[in-house]
Amino acid sequence: MSAEAALESPVEGVGFVSAKPALSTDGGAMSFDQYLQRNQKAILKEWFQAVVETYPEETARFLKKERDPFTNPVGSSILEGIEGIFMQILGGLPSDEVLPFLDRIVRVRAVQDFTPAQAVAFMFALKDVVRSQTDKDGLTAQYAADLVGFERTVDRAALMAFNIYMECREKLYQLRVDEIKNRTGRLLERANAIWESRRKEDGSPEES
């Protein structure tokens with residue numbers, strides 16, 4: 001099953017359209033968390049699409065269609081990452097639990113051609129996806145206050161993602177600095193060896 005197809009399995013209640021107040025299974029008003037859980041598959045599918053579309057067209061096509069996680073580890077990491085992040089947001093965003101899921105996505109983007117803003121923009125895309133879902137269902141007004149709180153939580157996750165990005169970039173820079181130092185050190189050692197060899201050769205006639 002492809003990364004995209006993994007989000008397409010039918011779930012009861014996904015994609016319903018109604019301008020009436022959302023109701024839970026017992027007939028009472030549905031909480032915003034219940035609404036998000038009920039529409040989780042649809043939201044994750046759209047979020048996955050938004051994330052992969054930040055890549056070049058050919059790469060995005062591959063990420064969407066390649067089914068094998070071994071040949072498409074980036075697509076697999078994105079899917080697992082957004083699923084985990086979404087569930088942690090619903091759970092109040094405990095930092096120690098959400099960080100590994102953010103890391104799965106950000107670490108890859110940190111070594112690719114993304115600016116810092118582009119690297120973490122996938123988090124802000126979630127806000128657009130959720131608002132699009134509530135607009136489609138005619139529930140944006142009903143959940144107006146909840147959406148504000150949800151978006152603040154997403155912003156917190158985006159800041160965590162930015163911290164991960166900066167840590168990854170610092171490690172990359174340090175690796176490059178260490179590599180240059182090692183390369184320079186080897187060149188100096190080689191130059192010293194050549195100089196020493198020539199000095200001995202120049203000095204040998206005087207010693208005879």
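Biologist: Where do the axes of α2 and α6 come within 9 Å, and what is their crossing angle?

Modeller: In this predicted model the two axes cross at roughly 135°. Axes here are lines fitted to C-alpha atoms, for helices over the stretch in contact, with angles from 0 to 180 degrees between N-to-C directions. The residues making the contact are A42, I43, E46, W47, A50 and V51 of α2, with F122, M123, A125, L126, V129, V130 and Q133 of α6; contact means heavy atoms within 4.5 Å.

Biologist: Why is the pair α2 and α6 called oblique?

Modeller: Angles under 35 degrees count as roughly parallel, over 145 as roughly antiparallel, 65 to 115 as roughly perpendicular, and the rest as oblique. The angle of α2 and α6 is roughly 135°, and the pair is therefore oblique.

Biologist: What makes α4 and α5 roughly antiparallel?

Modeller: Their axes come within 8 Å and cross at roughly 150°, so by the over-145 rule they are roughly antiparallel. Residues of α4 that meet α5 include I78, I85 and Q88, and their partners include L102 and I105.

Biologist: Which hand does each crossing have?

Modeller: α4 passes α5 left-handed, while α2 and α6 cross right-handed. Left-handed means that the near helix is turned anticlockwise from the far one by less than a right angle, and right-handed means clockwise.

Biologist: How do you know that the length of α4 agrees with its residue count?

Modeller: The expected span is 1.5 Å times one less than the number of residues. The 18 residues of α4 should therefore span 26 Å, and its end C-alpha atoms are 26 Å apart.

Biologist: What makes a set of residues a nonpolar core, and which have the most contacts inside the largest one?

Modeller: Such a core joins buried Ala, Val, Leu, Ile, Met, Phe, Trp, Tyr and Cys residues through side-chain atoms within 4.5 Å. Buried means under 20% relative accessible area, exposed over 50%, partly exposed in between (1.4 Å probe, protein chains only). The largest core has 46 residues, and those with the most contacts inside it include W47, I85, L102 and F122. Its largest share, ten residues, comes from α7. Beyond neighbours within four places in sequence, F122 is in contact with residues including W47, I85 and L102.

Biologist: Which conventions apply here?

Modeller: Residues are numbered from 1 along each chain as its sequence is written, and side-chain values use heavy atoms, leaving out hydrogens and water. Since the model is predicted, local features need pLDDT of at least 70 and side-chain atom pairs count only at pLDDT 80 or more, while totals for chains, interfaces and linings use all residues.

Terms used. Helices (H or I, at least four residues) and strands (E, at least two) are DSSP runs, numbered from the N terminus.
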